[in-house]
Amino acid sequence: MNIIQILLVSIGLAADAFAVSVVKGLSIKNISLKDTIRLALCFGLFQGIMPAIGYILGSAFEKIIINVDHYVSFALLSFIGIKMITESSNDEENNNDLTLKSILILGLATSIDALAVGIAYACAYGNHNSILTFIVIAIITFILSFFGVKIGSTFGSKYGKIAEIIGGIILILLGTNILLEHLLS
């Protein structure tokens with residue numbers, strides 16, 4: 001895999017994390033730089049680690065993982081989206097919504113497809129540039145997630161509850177899209 005291919009794969013894998021980062025930025029008023037970095041770092045680490053895990057597992061479990069990854073992503077993203085929509089009616093600020101547990105769940109939900117990419121990478125390329133590829137995926141995801149939170153926060157501060165409802169709907173649609181892409185392919 002050459003550097004252009006690595007960058008394209010990295011951007012493709014980071015797209016879900018970017019979308020979720022925008023949604024988190026929308027839903028949390030006045031998100032701190034520390035929380036923005038924590039979220040982006042979590043997403044970057046998950047996106048870098050999951051293909052490495054997939055690579056290690058190799059093709060032995062490819063059929064099992066590919067058969068369930070879309071269901072897990074759909075369930076997690078839909079659950080979080082529904083939770084955001086229902087919590088949008090609360091008058092209290094949702095700054096506590098960025099707990100370590102919620103960050104880890106989002107990191108996992110957005111990186112499950114990276115596990116399958118790691119398995120496919122092992123089958124197609126062997127050890128060629130594997131470590132470089134996984135590091136680039138992590139860095140690109142971190143950068144896009146960081147800016148996603150900032151973009152979402154800018155709009156979330158202006159549009160409040162409606163932004164949180166739209167964010168919840170986006171997560172549900174993202175989960176549905178992941179599910180449909182796998183079921184229809």
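**View 1. Ser 130 is a buried residue, with a relative accessible area of 4%.** Buried denotes under 20% relative accessible area, exposed over 50%, and partly exposed the range in between, calculated with a 1.4 Å probe on protein chains only. The model is predicted, so local features need pLDDT of at least 70 and side-chain atom pairs count only at pLDDT 80 or more, whereas totals for chains, interfaces and linings use all residues. Residues are numbered from 1 along each chain as its sequence is written, and side-chain values use heavy atoms, with hydrogens and water left out. Ser 130 belongs to helix α5, which spans residues 130-184. Helices (DSSP runs of H or I, at least four residues) and strands (runs of E, at least two) are numbered from the N terminus. Apart from neighbours within four places in sequence, Ser 130 contacts Tyr 55 and Tyr 121, a contact being heavy atoms within 4.5 Å. Ile 6 lies 124 residues away along the chain, and its C-alpha atom is 9.7 Å from that of Ser 130.

**View 2. Helices α1 and α2 cross at roughly 160 degrees, and their axes come within 11 Å.** Helix α1 comprises residues 3-27 and helix α2 residues 33-57. Each axis is a line fitted to C-alpha atoms, for helices over the stretch in contact, and angles run from 0 to 180 degrees between N-to-C directions. The two helices are therefore roughly antiparallel; angles over 145 degrees are placed in this class, those under 35 are roughly parallel, 65 to 115 roughly perpendicular, and the rest oblique. On the α1 side, the contact is formed by Leu 13, Ala 14, Ala 17, Val 20, Ser 21 and Lys 24, and on the α2 side by Leu 39, Phe 43 and Gln 47. By class, these residues are six nonpolar, two polar and one charged. Nonpolar covers Ala, Val, Leu, Ile, Met, Phe, Trp, Tyr, Cys and Pro; charged covers Asp, Glu, Lys and Arg; the others, Gly among them, are polar.

**View 3. Ile 80 of helix α3 contacts Ile 105, Leu 106 and Leu 171, neighbours within four places in sequence being left aside.** Ile 80 counts as buried, at 11% relative accessibility. Between Ile 80 and Leu 106, 26 residues apart along the chain, the C-alpha separation is 8.3 Å. Helix α3 (residues 62-87) has the lowest confidence in the chain, with a mean of 75, while α2 has the highest, at 92. This confidence is pLDDT, the predictor's score for each residue, from 0 to 100.

**View 4. Leu 115 of helix α4 (residues 100-125) is shown with Ile 53, 6.5 Å away from C-alpha to C-alpha.** In sequence, Leu 115 and Ile 53 are 62 residues apart. Leu 115 is buried, at 12% relative accessibility.

View 5. Of its 185 residues, 45% are buried. Among contacts between residues at least 6 apart in sequence, 93% join residues at least 24 apart. The average pLDDT is 82, and 87% of the residues score at least 70.
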